[in-house]
Amino acid sequence: MEYGCKHKVIVITGGTSGIGLAVTRIFWLDGANVYIVGRDSTRGMKALAKIIGCQDPKAVVFPGREKDTCSAAEGLRAGCGEKLPVTGASLLRLRYIRADVTKQAGCRLAAAIAAHYGEGRIDILVNSAGVYQEQRLERISAADYNRIMDVNVKGTLFMTQACQPYMLPHGKTDNGVKHDCCVINIASDAGIGGNFGCPLYCASKGAVVALTRALALDLAPDIRVNCICPGDVDTPMLAKQMEAAGGSYTKEDMAAGYPLGRIATPEEIAHVICSVASPANSFMTGSVIPVDGGLTAIG
């Protein structure tokens with residue numbers, strides 16, 4: 001499946017796992033230059049290995065390289081590239097950037113590195129970094145608030161701010177190619193309709209929804225801004241959520257609440273993200289799109 005993103009320069013936060021990892025692989029296979037941003041170098045290098053199809057990431061990639069950025073080509077051990085169904089040029093299109101999106105300086109560093117390798121531009125930003133916590137109102141601490149808001153809201157806002165100067169004006173022509181620049185924020189169905197037992201998470205994702213609409217107005221007509229609101233997705237974050245719940249519910253219990261009778265895969269959400277980012281959707285901005293198996297349709 002092609003999305004028309006060949007040669008695009010794409011930055012994805014939270015690209016080392018879950019939805020971010022899935023969308024990184026799809027964009028990369030579409031021919032884009034993709035830069036994933038994360039705090040943990042070991043996880044970043046392992047993510048590169050998964051994306052390019054390494055069956056044994058530990059045997060192929062240097063884990064935990066202590067540098068701010070590394071391409072998939074640089075991370076492979078000598079001779080290992082010959083064992084993969086990919087070319088050296090395609091490996092150079094995939095890069096990990098170590099940065100903390102909860103810090104304004106970290107966002108600026110990530111954007112500057114991506115723009116450097118992207119020859120001065122960034123075409124697409126996917127704000128996928130996010131954290132979840134179930135905590136009732138009476139138990140929420142200031143530390144809980146800061147952790148959730150720093151990643152889910154501050155990271156989204158400051159990463160967009162950092163990338164904005166590098167995003168080409170909408171409609172500008174370079175060598176006859178029309179550039180369509182966009183930001184895609186990942187919120188949640190909980191940011192639209194709320195949910196039990198996680199008011200802080202709901203508030204953070206509701207803020208992302210409101211921020212999306214505000215930025216769509218402020219950045220038009222140069223940059224499109226849209227928001228995807230998934231329901232429950234089978235990701236490592238969901239696994240942590242269930243572990244923290246101490247077995248009080250299962251995936252099957254969660255699936256029972258959806259009209260489609262199941263939760264989503266990361267790839268299903270990733271395909272929607274790629275579709276919204278596609279130049280074919282160049283008239284879409286300010287949209288908030290539930291991808292939740294019909295959950296929000298219940299009301």
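Salt bridges come first: this predicted model holds 9 of them, a salt bridge being a side-chain nitrogen of Lys or Arg within 4 Å of a carboxyl oxygen of Asp or Glu. Side chains of opposite charge can pair when their charged atoms come close. Here are three of these pairs.

| Salt bridge | Closest N and O atoms |
|---|---|
| Arg 98 and Asp 68 | 3.3 Å apart |
| Asp 100 and Lys 103 | 3.5 Å apart |
| Lys 251 and Asp 234 | 2.8 Å apart |

Let us start with Arg 98 and Asp 68, whose closest N and O atoms are 3.3 Å apart. Helices (H or I, at least four residues) and strands (E, at least two) are DSSP runs, numbered from the N terminus. Arg 98 is partly exposed, at 21% relative accessible area, and Asp 68 is partly exposed as well, at 35%. In these terms, buried means under 20% relative accessible area, exposed means over 50%, and partly exposed lies in between (1.4 Å probe, protein chains only).

Next, Lys 251 and Asp 234 have their closest N and O atoms 2.8 Å apart. Lys 251 is in helix α11 (residues 251-255) and Asp 234 is in the loop between β9 (223-230) and α10 (236-244), so the pair ties together parts that are 17 residues apart in sequence. Lys 251 is partly exposed at 33%, and Asp 234 is partly exposed at 35%.

Now for the rings. The structure has 1 aromatic pair. Rings of Phe, Tyr and Trp (its six-membered ring) pair if their centres lie within 6.5 Å; planes under 30 degrees apart count as stacked, over 60 as edge-to-face and the rest as tilted. The ring centres of Tyr 132 and Tyr 201 are 4.6 Å apart with planes at 70°, so this pair is edge-to-face. Tyr 132 is buried at 17% relative accessibility, and Tyr 201 is buried at 9%.

Finally, Arg 95 lies over the face of Tyr 117, 3.6 Å from the ring centre; a charge sits over a ring if NZ of Lys or CZ of Arg is within 6 Å of the ring centre and within 35 degrees of the ring normal.

Residues are numbered from 1 along each chain as its sequence is written, and side-chain values use heavy atoms, leaving out hydrogens and water. In this predicted model, local features need pLDDT of at least 70 and side-chain atom pairs count only at pLDDT 80 or more, while totals for chains, interfaces and linings use all residues.
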